[in-house]
Amino acid sequence: MALTLYVDTARWRAHQQTIVQQFPGIIPVCKGNGYGFGNGRLADEAARFGSDVLAVGTTYEAARIKDYFSGDLLVLTPFRLGEEPVPLPDRAIRSVSSVEGVRGLVGARVVVEVMSTMKRHGISEEDLPKLHAAIEDVRLEGFAIHLPLDRTDGSDAVQEISEWMERLRNARLPLHTMFVSHLKSEELARLQQQYPHTRFRARIGTRLWLGDHGATHYKGAVLDVTPVSKGDRFGYRQQKVGADGHLVVVAGGTSHGVGLEAPKALHGMMPRAKGVARAGLATMNRNQSPFYWADKQLWFAEPPHMQVSILFVPNDMPTPQVGDEMVAKLRHTTTTFDRLVDH
């Protein structure tokens, strides 16, 4: 009995091909929990559609994935002086976001990231003169820029990259390859037309692996069903049941990511109002679960356990049976499944 990720493999791969065709020279991103699929599986998929480079998050991920993918491995986290050394093959390419970092990687293959409006990390315009001398001691694979997802000020992504291209050109730095993130296909085409002698390579993860929401779904198996009456005590904290119904134990708990979520940026009054309402219900120990039965979202009977959740199903709903599976709407990047089933 498991929390299962079901994949409509043909549909999932058809979406991959659509993205690959829209972004020539795409570099698939494979990091964290592998966008819910596992990094090993994504490495196999990237090799299947012929990618020559795979982007990973950290050196530790690169060390784990190197036996699953034979092409180059681009480490996205920038190198820092004094970091723990991790043995990697020569096909590993390190990202660098400072002149000091470049100087600390003599002989290595590097991609130099420039500071974007993300303001996360990157080389500044003022550091470009120093960079010119530093790159002589490394094997420069190109420059990179990581862009924000939303542009609430109405600014243009292509213009931001173009401005950096001109800065790099004025500093007489090589512009043979630029690695980009969070661009639309038409924006990438505009850049390629504007700078025909530079190869633009899009690093893409979420859009590639999770762009077709209908290609995947999670389901948790029902493990136990217990009838209860209003006032009965149950669970670790011996709370009282609020109405007649059934307590349903379903596969999927905190170790899977159930009940865990990352903070969200809320825009507009309606999302904020819903957030306030959820917070108010939570103070009364009323928390909606990600599990659905008979097309209705169920409530947690109590906070999820490590590997299972206990849900309340009222008497006015069909009663689940042991062995049934409940649809679970979970965030891929925070979920770990027990098994993956291709169908």
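## Lys 240 and its contacts

Contact here means that heavy atoms lie within 4.5 Å. In this predicted model, and not counting residues up to four places away in sequence, Lys 240 touches Gly 231, Asp 232, Arg 233 and Phe 234. Lys 240 itself is part of strand E12, which covers residues 239–240.

Lys 240 has a relative accessibility of 54%. Over 50% counts as exposed, so Lys 240 is classed as exposed. Between Lys 240 and Asp 127 there are 64 Å in space, C-alpha to C-alpha, and the two are 113 residues apart in sequence.

## Two residues with positive phi

Most residues other than glycine have a negative phi. Gln 238 is not a glycine, yet its phi is positive, at about 50°. Gln 238 sits in the loop between strand E11 (233–234) and E12. With 41% relative accessibility, Gln 238 counts as partly exposed.

His 182 is also not a glycine and has a positive phi, of about 60°. The loop that holds His 182 runs between strand E8 (177–181) and H7. His 182 is partly exposed, and its relative accessible area is 33%.

## Helices H6 and H7

Helix H6 spans residues 157–170 and helix H7 spans residues 185–194. Their axes come within 10 Å and cross at roughly 30°. The crossing of H6 and H7 is right-handed.

On the H6 side, the contact is made by Ala 157, Val 158, Ile 161 and Ser 162. On the H7 side, Glu 187, Arg 190, Leu 191 and Gln 194 take part. The residues of this contact of H6 with H7 comprise four nonpolar, two polar and two charged.

## Helices H1 and H2

Helix H1 (residues 9–22) and helix H2 (residues 39–48) have axes that come within 11 Å and cross at roughly 60°. The two helices are therefore oblique to each other. Their crossing is right-handed.

In H1, the residues that meet H2 are Thr 9, Trp 12, Arg 13, Gln 16 and Gln 17. Their partners in H2 are Arg 41, Leu 42, Glu 45 and Arg 48. By type, the residues of the contact of H1 with H2 divide into two nonpolar, three polar and four charged.

How many of the 10 residues of H2 are buried? Seven are, and H2 is mostly covered. The buried residues are Asn 39, Gly 40, Arg 41, Leu 42, Ala 43, Glu 45 and Ala 46. Two of these, Arg 41 and Glu 45, are charged and also meet H1.

The buried residues of H2 pack against several elements: H1, strand E2 (27–28), strand E3 (53–56), helix H3 (59–65), helix H8 (206–210) and E18. Just after H2 comes Gly 50, with a positive phi of about 85°.

## His 332

His 332 lies in the loop between strand E17 (325–328) and strand E18 (339–342). Is His 332 buried or exposed? Its relative accessible area is 14%. Under 20% counts as buried, so His 332 is buried.

Leaving aside neighbours within four places in sequence, His 332 is in contact with Leu 5, Asn 33, Tyr 35, Gly 36, Leu 210, Thr 216 and Tyr 218. With one of these, Thr 216, the side chain of His 332 makes a polar contact, side chain to side chain, at 3.2 Å.

How values were computed: Residues numbered from 1 in each chain as written. Predicted model: local features only at pLDDT ≥ 70, side-chain atom pairs only at ≥ 80, totals over all residues. Heavy atoms only, no water. Axes fitted to C-alpha atoms, helices over the stretch in contact; angles between N-to-C directions. Helix = DSSP H or I, 4+ residues; strand = E, 2+ residues; numbered from the N terminus. Parallel < 35°, antiparallel > 145°, perpendicular 65-115°, else oblique. Left-handed = near helix turned anticlockwise from the far one by under 90°. Buried < 20%, exposed > 50% of the residue type's maximum accessible area, 1.4 Å probe, protein only. Polar contact = N/O pair within 3.5 Å; in protein donor to acceptor, adjacent residues only side chain to side chain.
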